[in-house]
Each structure stands twice: as structure tokens, then as C-alpha cells.
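I opened a structure that was new to me and kept notes as I went. Here is what I looked up, entry by entry.

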Amino acid sequence: MSSVDADRASDDAPPQIPVTEQQRELAAQAMGEFERGHYSNCTKTMGSLADARPTDVKVVLNRSVALFYQSQCKAVDEFRHNIQTVFNMARISPDLSEKSNLDDADYAVVYYNKAVVLYHEKQHRAALSILEKLFKYIEPIDEALAQKVMLLLTELYLTVHQPYDAMRMVLNIEKFLSGKSQSSQDKDKNDSNNAAAQEAMKAKLILYKVRCNLMAKHMKNKKDYKALQGNSVPVNYAKAYYDYLRGSYKKAAKMLGNPPRVDISPSTGECLAVMYSNNLALINMCLRKPNIAICHIRDALKHNEKVMKDAVPNDKARPPLQLSYVSQHYVLFYNLGVLQLHSKRPSLAFECFVDCVQVYHRNPRLWLRLAECCIMHHRENNDVDREHKHKLEVIQASVGSGFHHKLILGQGVQKDRKISTSGGVFPNLNLGFAAFCLKNALALLPPDPLDVKPPPQDEQAESGPPPTDPVLVSAEPGNPLRETEVANLRCSILAASAYVALCENEYYKALAHSVNLLRQPNLTAAQRYLGHMYKGEALVILDRIANAIDELNPENVTDVSTTLPETPGEQEAMFKWSPPNAVVAKGLMQYNLGVAYAMRTDYEKALKALTEASEKVGTPLPVQMYYLKLYLDLKQGLKKGALNLINENFGYISRN
């Protein structure tokens, strides 16, 4: 609430009659009743004051705040209407888009109140827009309100995942408090309450700094982490997150403590039980226990459903503003989708991700995860070709006897291959939709630095030094993607795009994606290997055999690790990647090289490459190698070699 003071009214606001002493007493009485929580008495007092001063903007505003609190913060629509009435009476812009009457600093509280409502309604960008403009006029604003504005700005920056802006705001608050303490040092020298409040604020700012550093993944500055004091839940959870990012997962789980009660905070709308179960799920996922993690996420979903019912017991009753938008359903569903994908349940993961698209459609990672679900549904891993059921399909049947004995060969591993014809727009677990998702994911990334021409040196000098903050891409509900993470994500999207294009017979697209992949500077060894394999396969099918042979040189395969060379300590994939080592990878590339030689009718080289490949790949051999060996023997007229292969591996069919 703001005080009644007609002497400071703006020139644009309607003229006010002088304030009488009785009206000042009523205003002071209303303020005291409001601070004591006697909202009914406060509204009555403000009603009497409003009758005497019906055109006073501040009286209308304060009465609106009192009525809102009297309704237990449930009359949101009425409060929003009253705020708009205040804007109209004061003749100021509701969104600070025009020149507003902030010469009268008391009007700043109107914008702050509107931002608070938007914050609780999860309209964070709209609230941030208002407060960022209001911050430009922070100097003449009342000190207490200015502090609240900056604290809410800090919270909003963290909510929309802008840690660097949040850190700058924390530094502004520290400067503000430093100047405030120096000016009031003599006045409040013996005020213990003020000293306690300052200490509490310092602790709060330290926690904000830690949250900013954690969100920005700045782990080297340990000064702020060590400065965290107390054993409160926010402090313990911040410490747990710090240990989680450092890879100390068991220590992070221990820091979370015991399971909290399943109830909702009436002031913040947060449920610790939901946070606790969600955090345990993430920790167990990193400990390679995805099934246990799924159980924790399901617990979090149950807790979330319970607290939502507690906050909104029925459809007719409206909850308080701070409890109206507290559901974490989509955050938890996104995490559940990731866990289901790591547990090799692509259908269940796909359902979760499709549900999340309506909320997080600008997250490129989400579109990649949808594509990965389709790819895993199409082909779970590279070892399926070693399964015995596929080997049984190499020779489908045996007919005739004696001299007329004939064997009918299978149609190959691609016999059940289906090309999607729907265009991939509708959510389906097929590769057509995977291609659509990957296209979206790539479009949501910033332009590739390799495609952006640097400005001339003269223009560089004029524009000044480059910005210090890294490029951040929104990836809600997770943290924003830093520049290096964007580069890594682009590589994953390109690798998946090349594979899907090959499966969909889009060979020129596959070639373009693989070429783009191989030019990326920060490739893992596994991605580089896949890039050469996909490019080589596309070139073979496009009848560019000479180029394909150069691309499929097995001597270039020395490593197939899934982590970057500069980050050897990072965790490997949740499940084993195939091929497991460079020897097997080299053998698989030699098989593809053999196919290229066979396409060029260089059968001797093809057979040599196949023989070396089968030795390196190990048993059981992928079924494709049997097909290629039979093809090469028959094309060269090596009937005995083909019969030996059949008798050794398929004698149960060929005996007659």
C-alpha cells in the first residue's frame, strides 16, 4: 500500500483536493490494519477514505490491494480490473510502452503489483518486460519497493533461465544495499532488527549467486558455495545440485535428506515432495538405474496430482493466486519421457514427449528426443542383425531333391522396410515423423557459425568487442543451452538426420547431412565414425563408388568413444553403444567397403575385405555378411565356397 499524498500528484493525473488531517489519520489507521492482517477492517477504513477522495488514484489502488487480500488472493479478475482502473485514472500506460507518470514514484507500485500477478500466473516474459522498464526509473522509487522490484527481477531472470542477467541484478542489489547501509549507519546503529534483516538479505543474495552459477554451469568459483549458511531446504537443495553437477550423485542424494511431507506451501505454491522425488529420479538416472528413476518420477506425478487436488478441491472454488498455476505436470512428464527412452521403451517415451510439445515446442532437444523414439522403435540397436531369427531368414526354404535340389534365399534384411507416405506431420512412431522432428530441431538452433560470414575487419572494429555472455538457446523445462551445448546438439541432430534419410531412401539428403556433420569442429569419435559410414553408404547407392571407397577407409577408424576428447571425465551413454570398440567398428566399415567393391564388380577385393571384416566383428556375425558372402561366391562361380558356407551355417535346411 502507498501513502496518501496529494502534494506529489502528477501533472497528468486528475487534480486532487487537499488532504485533511482526518484523512491522514484514516490512511495511517488503514496501513496499520493492513500490516496486522486485519484486511476486513482495512477495507472498511479505505472505503470511508474512498468516499471522501473518490478520484484519488492512490486511495483506489490501496483499497484494491486490501480487497484482494480480504478475498484471500482469490479475486484475481477483480484485482486485475481495479489495476486497469488505476492506470486509466492516472493516465499512465499499462505496460510502460509510452511515457508514464513515474515522476510520481508512488505509481511504480501499480506496475509492481501487475508484475506480481503476471509472475504467479506464469506469464514470466510479460512480467519481466514490465519490471525491466520499471528498473530504468529505480532511482526515485521508495527504497523498500525498489528492493522488491530488484528481487522479483532476479527471480524472474532465473525462472526464464537467464542466469547472467540474474547475476547482474544481484550485483545491483548489493550496490543498492551498500549505499543504503552507509546512509543509515548512524540512524540504525543499535537496531538489532535491522541488522538481522540485513544478514538475512545477505544470505538470500548468496543463495541467488549460487543459483546463477549453477544454472550457468560455473563450478570453479567455490567461494559462494562455501558461503552458504544454515540448514534450510533451499540451501540443502542448492548444495545437492552442486554435487549433482560435479558428478557426486550419492552425495547429492544424501544432501536431499529424508522424504518431506506431501503438502503444498500456501505462500509459494511449491511442494517439496514433488521436488524431492524428481531430484532422486535424476540422480538415479545418472547412476544408471533408469527403472528406479521411473518409479521416483511416478511418485512425483502422484504427489503433484494430490497437491493440485488440495489446491483446487473442486472446479467451482477458485484457489488463491499463488496456488493457481503450481502444477509441474509437464516438467515431470518430460523427465519421464527421457527415462523411458533410456529404458528402451520408445512407445511410452513418445507419448510423454508428444504431450509436452504443446508447452515446450521451442525446445530443440524435445524434437530430437521425439525423433530418437521413432528411430529406436524402428531399430532398437545395431546388434539386432546378429540375432538368430534373422539368420534363419537367409535361406527361406529347400525344394526338390538330388540333382534338382534347390535353395530359396531370403530377400535380405530390408524386406519388411516401409517408407512412410504421410509426410511425417502427424505424430506417429515412424521415420517420416522422425524426419519432420529433426527438421524442426535444426530450425530451432541458431545459425551454424560455419555458415555465417564474419564481418569485414573495419566493421568489427566499429562494432566493438564481442559480447562476453555465451549464446543461450531456450530449452525449457531444462536450463538454456550454452554455445558448446548447441554445437553438440547440432551434431546429434545431423547424425540422426543422415540415418533417417538413408532409411527413407533420401540419399542426397543423407549425403548432405553427413557432409555437414563431418565438417563440425566438435565431433565425438563415434559421431565422426557414423558420419563417414553414412556418407559412404549414400555415395555407394548414388553410384559414386570411387568416392565411397575413399570414405570407407577402415584405417581411419581409431576410436569410437561417445565423449569429446576435451571432456574425458563426462559420463558415457546410459546403455552400451554398438560397435563397442574400434576393432569391431573397423570390421563393420570393412564390410561396407566390401559392398562398395562388389558394386564395382571387384569381387576379389570385396571377398578379402569381407573376410577381414568377419574376423574383426566376431561371432555371431551380422546376417548381412552371409548374404554378401553367398553373393560373392555365386558371382565368381565358387560353388564349393557357397556350399561350405551353407553346410556350416544352414545345414539344418540344406540337408537332403
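**First look**

I began with the overall make-up: the protein has 28 helices and two strands. Both are DSSP runs numbered from the N terminus, helices being H or I with at least four residues and strands E with at least two. I kept in mind that this is a predicted model, where local features need pLDDT of at least 70, side-chain atom pairs count only at pLDDT 80 or more, and totals for chains, interfaces and linings use all residues. Residues are numbered from 1 along each chain as its sequence is written, and side-chain values use heavy atoms, with hydrogens and water left out.

Of the 656 residues, 44% are buried (under 20% relative accessible area, with a 1.4 Å probe and protein chains only). I then looked at contacts (heavy atoms within 4.5 Å). Among those with a separation of 6 or more, 64% join residues 24 or more positions apart.

**Helix α6**

His-124, Ala-127, Leu-128, Ile-130, Leu-131 and Leu-134 are buried in α6. Seen down the axis, the buried residues of α6 fall within an arc of 165°, so they line one face of the helix (the arc is that of the directions from the helix axis to the C-beta atoms). Their cover includes α5 (108-120) and α7 (143-159).

**Helix α14**

I repeated the check on α14, residues 290-311. Its 22 residues should span 32 Å, and the end C-alpha atoms lie 31 Å apart, which agrees. Its buried residues include Pro-290, His-296, Asn-304 and Ala-311. The buried residues of α14 pack against α13 (272-286) and α15 (329-342).

**A glycine in α23**

Is Gly-531 buried or exposed? I found that Gly-531 is buried, with a relative accessible area of 0%. Gly-531 sits in α23 (residues 525-541). Leaving aside neighbours within four places in sequence, Gly-531 touches Ser-514, Leu-517 and Leu-518. The C-alpha atoms of Gly-531 and Leu-517 are 6.3 Å apart, though 14 residues separate the two along the chain.

**Cavities**

Last, I counted three cavities of 30 Å³ or more (on a 1 Å grid over the protein atoms alone, a cavity is a set of points where a 1.4 Å probe fits but cannot get out). Residues lining the second largest cavity include Tyr-164, Lys-217 and Glu-485 (lining residues have an atom within 4 Å of a point).

Definitions and conventions:
1 Å grid on protein atoms, 1.4 Å probe; cavity = no way out; pocket = protein on both sides within 12 Å on 5 of 7 lines; lining within 4 Å. Points joined across faces, edges and corners; volume = space filled by probe spheres on them. Buried < 20%, exposed > 50% of the residue type's maximum accessible area, 1.4 Å probe, protein only. Expected span 1.5 Å × (residues − 1).
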